[in-house]
Amino acid sequence: MTVNGKTYEHEVEPRLLLVYYLREVLGLTGTNVGCDTTSCGACTVLLNGESVKSCTVLAVQADGADITTIEGLAGPDGKLHPIQEAFREHHALQCGYCTPGMVMAVTSLLRENPHPSEDQVRFGLEGNLCRCTGYHNIVKAVLAAAAAGAGSAPIGAGTAGAVPTGGAVAGGGAR
Ligand code: FES
Ligand code: FES
């Protein structure tokens, strides 16, 4: 599979979950594990441009897929993606544990619907839980990111696997 523009090939056990492949085989620990039972969204990544909970996907199911994790969102020069910038600017995190998954779900949401209403943001993120923020600043950040045109910002601009602007994405936030 391709992860953040790099191709990887490994033999893995059929039962290995994608999230553990990313974290333990590839060392991409930005994708968190919160519940392991498809409830919290901390493990959200993009699979072929669509947000999925990577604790719900077997690594072997992602064979040949194009995966983007939080590590692949910023540019190679470290310049934050506008969604990350909006989260920083609007204090949309406290402990930050939910944040990588939240940001990936927002990425999918804004690519599908670049200018959502507040209700659409809340609905789109219903599969991503945050224990700290009460969601208020997260929603504020998402609306600010939308206003800044984050929905059409390239992902990982400049990396080999940059996801082009305006790709067809279905599903919004991971559920
Ligand atoms: S760890 Fe995957 S949804 Fe919670
Ligand atoms: S910032 Fe702590 S869980 Fe969301």
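Strands, like helices, are DSSP runs numbered from the N terminus (E, at least two residues, for strands; H or I, at least four residues, for helices). This is a predicted model, in which local features need pLDDT of at least 70 and side-chain atom pairs count only at pLDDT 80 or more, while totals for chains, interfaces and linings use all residues. Residues are numbered from 1 along each chain as its sequence is written.

Next, select residues 44–47, which form E3, together with residues 50–53, which form E4: the two strands pair in the antiparallel sense over 4 bridges, where pairing requires that DSSP finds at least two bridges between them. Within E4, Glu50 is the bridge partner of Leu47.

Now turn to the faces of E3. In a regular strand the side chains alternate between the two faces of the sheet. Thr44 and Leu46 lie on one side of E3 and Val45 and Leu47 on the other, and all are buried, meaning that 20 or more other C-beta atoms, placed from the backbone, lie within 10 Å of the residue's own.

Finally, select the whole protein, whose 175 residues are 44% buried, and follow its 5 helices and 5 strands in the order β-β-α-β-β-β-α-α-α-α.

Key: Chains lettered and ligands numbered in written order. Buried ≥ 20, exposed ≤ 12 C-beta atoms within 10 Å, placed from the backbone.
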